[in-house]
Amino acid sequence: MFKQWVMASALVATAGAAHAFVNATIKFDGYCDGFSDLTTEGSTGAAGTWQNLDCAGSTATGGGAQVRNEAGQVGYTLGTTGVAVLTGGSEFTWVIRGDRTWMVYSTSGQYLNSGTWSPRARPWVAPLSGESRPSWRP
């Protein structure tokens, strides 16, 4: 019985470390935007809603894949479609990591910006005072 308990404890500890997560609602530190409704879709997919993408309250949905780093932390790679009219003609690909960092690229693969994120309670309120620049504008 003791061996079973030790084995179960080890499995739970391992699973906990392997399933570090990105919060369901995050804000990009120092910027006006972030994501809400971040979720996994099946065993490999991911989805979320880009909030306040233009610092004026606009939103867009994104979809993509779950990713894991060397430590097994889960993150997301999300792409946008349909935001070009709000962003001066650009679409984006986001990498949001479980270690509270993010990176954003143009859809052509050009690095645009990176930073840290913080968990955020819902509901999303925009615009946030003092943060008038979206994260895709370095």
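Trainee: In which loop is the place of Cys55?

Mentor: This is a predicted model, in which local features need pLDDT of at least 70, side-chain atom pairs count only at pLDDT 80 or more, and totals for chains, interfaces and linings use all residues. Residues are numbered from 1 along each chain as its sequence is written, and side-chain values use heavy atoms, with hydrogens and water left out. Strands are DSSP runs of E of at least two residues, numbered from the N terminus. Cys55 has its place in the loop between strand S3 (45-51) and strand S4 (59-68).

Trainee: Is Cys55 buried or exposed?

Mentor: Buried means under 20% relative accessible area, exposed over 50%, and partly exposed in between (1.4 Å probe, protein chains only). Phi of Cys55 is near 65 degrees, a positive value in a residue other than glycine. With a relative accessible area of 13%, Cys55 is buried.

Trainee: What is the relative accessible area of Arg100?

Mentor: Arg100 lies in the loop between strand S6 (92-96) and strand S7 (101-106). Its phi is near 70 degrees, a positive value in a residue other than glycine. Arg100 is partly exposed, and its relative accessible area is 41%.

Trainee: Which backbone nitrogen does the side chain of Thr80 reach?

Mentor: Thr80 belongs to strand S5 (residues 74-80) and is buried, with a relative accessible area of 6%. A polar contact is a pair of N or O atoms within 3.5 Å; within protein, one must be able to donate a hydrogen and the other to accept it, and residues adjacent in sequence count only if both atoms are side-chain atoms. The side chain of Thr80 makes such a contact with the side chain of Glu91 (3.0 Å). At 2.9 Å, the side chain of Thr80 also reaches the backbone nitrogen of Phe92.

Trainee: How many residues apart in sequence are the parts that Phe28 and Trp102 tie together?

Mentor: Rings of Phe, Tyr and Trp (its six-membered ring) pair if their centres lie within 6.5 Å; planes under 30 degrees apart count as stacked, over 60 as edge-to-face and the rest as tilted. The whole structure holds 11 aromatic pairs. In one of them, the ring centres of Phe28 and Trp102 are 4.7 Å apart with planes at 50 degrees, so the pair is tilted. Because Phe28 lies in strand S1 (residues 26-28) and Trp102 in strand S7, the distance in sequence between the parts tied together is 74 residues.

Trainee: What is the angle between the planes of Trp94 and Trp102?

Mentor: Trp102 is buried, with a relative accessible area of 1%. Trp94 and Trp102 form a tilted aromatic pair, 5.8 Å centre to centre, and the angle between their planes is 55 degrees.

Conventions:
Helix = DSSP H or I, 4+ residues; strand = E, 2+ residues; numbered from the N terminus.
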